[in-house]
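Please consult the sequence and the structure below while reading.

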Amino acid sequence: MRILVCGGAGYIGSHTCAVLAARGHDLLVADNFVNSSPRALERLRRLTGAPICFQLTDLRVRAEVDALFEGQRFDAVVHFAALKAVGESCERPLDYFDNNISGTIHLLQAMQAAGVERLVFSSSATVYGDPDSVPVREDAALRITNPYGRTKLVMEQLIGDLCASDPSFHAANLRYFNPVGAHPSGLIGEDPGGEPNNLMPYVSQVAVGRRERLRIFGGDWPTVDGTGVRDYIHVMDLARAHADAIDYLVREGRGLTVNLGTGRGVSVLELVRAFAKASGREIPYEVVARRAGDVAEVYADPSLAHELLGWRAELGVDAMCRDAWRWQSMNPDGYGRVGIEQAGIS
Ligand code: NAD
Ligand code: WQD
């Protein structure tokens, strides 16, 4: 199939491109590199041996989105392109509404005009906010705790309204829990700009010597060891679910909304210990005050994804840490800052 991947140069997008290319799909990546590097595409081409086309596109610009569909047909679109930093979204909510929501509207408009009827959308466990109970099922109450989360919920709703208005349009809303890890080659991985917001990249940067110590946000949560518990999922398992979701849309001719997690909660301290073992490095840390907006424990009930997609996470925390460490140690400074021409992307 020919597939348009919006945000395909980013962390989850690049890993998904690797899986889609390995399954023989023909890809066009659209990205503006607001939070990614052209080098990820160069690495992807090397890794897959596939041509992987690229078009520099800002989804906020309707004409640029329309141009993606000119003279070519896609069987499906996978939409990763969004800003995703929770704290930043509280400081600059309008930028998040503009980028994430306007960008998605432009994409939906252009898809409809071109008659492209299959969408796989990156949603998030953030739509559950602080859930009443765990594991979280898809029918749990939806609650917003920050502007980023609001954009994810609004985008799910916009997509739902479009599906209701047009029975031939089908969407897969994939609610990711906490994606971590990297491709086993070590060639692509997560490369946050500036100080990482998320636990795994922070731990990796401490292990590689880029940061002195981890600050653990709260040691007094009502959890197994007092630190926050999350459902970390290997990015390669997550990537595979996108390919399975496209197959589902084609096969079933209807949409779905599913959680993507392992179903297993892991505490901050458990993850730190697993990373120290995988890397052979000490991870110095101190326990500090809780981070505003954090919750004690969130993990998925992933059984619906298994029922509908036949998908199940296969890789555990040790593999997540092993692969995150391989990427970090092979690329201590991430991709480095390079322009499109320098990376040889056209
Ligand atoms: P990422 O920032 O690495 O990737 C997003 C990509 O989209 C980047 O390459 C960025 O340059 C691009 N992009 C953003 N705005 C754009 C625009 N206006 N036009 C064109 N390209 C644009 O993030 P990621 O971790 O790979 O996340 C991918 C998706 O998954 C996002 O939608 C995110 O909200 C969602 N998600 C991520 C997580 C997570 O923890 N990483 C969890 C749940 C959901
Ligand atoms: C995990 C645990 C922290 C950093 C966020 C977004 C969510 C989703 C995924 C996109 C928590 C603790 C972290 C650190 C720490 N993104 N921690 N020290 O908060 O579950 O989810 O990313 O949709 O929307 O909110 O992930 O990795 O930030 O935190 O102690 O330096 O690690 O308190 O318990 P979170 P995280």
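The sections below treat the basis of the model, its sheet and the surroundings of its ligand.

## Basis of the report

This is a predicted model, in which local features need pLDDT of at least 70 and side-chain atom pairs count only at pLDDT 80 or more, while totals for chains, interfaces and linings use all residues. Residues are numbered from 1 along each chain as its sequence is written, chains are lettered from A and ligands numbered from 1 in the order in which they are written, and side-chain values use heavy atoms, with hydrogens and water left out.

## The sheet

An open sheet is formed by seven strands in the order E3-E2-E1-E4-E5-E6-E11, with parallel pairing. Strands are DSSP runs of E with at least two residues, helices are runs of H or I with at least four, and both are numbered from the N terminus. Two strands pair if DSSP finds at least two bridges between them. Strand E3 (53–56) and strand E11 (256–260) are the edge strands, each pairing on one side only. On average, neighbouring strands of this sheet are turned by 20 degrees against each other, direction ignored; the axes are lines fitted to C-alpha atoms, and angles run from 0 to 180 degrees between N-to-C directions.

Strand E4 (residues 76–79) is joined to strand E1 (residues 2–6) by four bridges, with Ile3 opposite Ala76. Three bridges join E4 to E5 in parallel, and His79 stands opposite Phe121 in E5. Both faces of E4 are covered: Ala76 and Val78 on one side, and Val77 and His79 on the other, are all buried (under 20% relative accessible area, 1.4 Å probe, protein chains only). E5 also pairs with strand E6 (residues 170–176) in the parallel sense over seven bridges, and Leu119 has Ala171 in E6 as its bridge partner.

Ligand 1 has 27 residues around it, of which Asp31, Asn35, Ser36, Tyr148 and Lys152 come nearest; a residue counts as near if one of its heavy atoms lies within 4 Å. The shell divides into 13 nonpolar, ten polar and four charged residues. Helix H1 (11–22), strand E5 (118–124) and helix H6 (147–165) each give two or more residues to this shell, and E5 gives the most, with three.

An oxygen atom of ligand 1 lies 2.7 Å from a side-chain N or O atom of Asn35, and one lies 2.7 Å from a side-chain N or O atom of Ser36. At Gly10, a polar backbone atom is 3.2 Å from an oxygen atom of the ligand. The protein covers 96% of the 820 Å² of accessible area that ligand 1 has on its own, as computed by the Shrake-Rupley method with a 1.4 Å probe.

Methods:
A polar contact is a pair of N or O atoms within 3.5 Å; within protein, one must be able to donate a hydrogen and the other to accept it, and residues adjacent in sequence count only if both atoms are side-chain atoms. Ala, Val, Leu, Ile, Met, Phe, Trp, Tyr, Cys and Pro count as nonpolar, Asp, Glu, Lys and Arg as charged, and the others, Gly among them, as polar. Buried means under 20% relative accessible area, exposed over 50%, partly exposed in between (1.4 Å probe, protein chains only).
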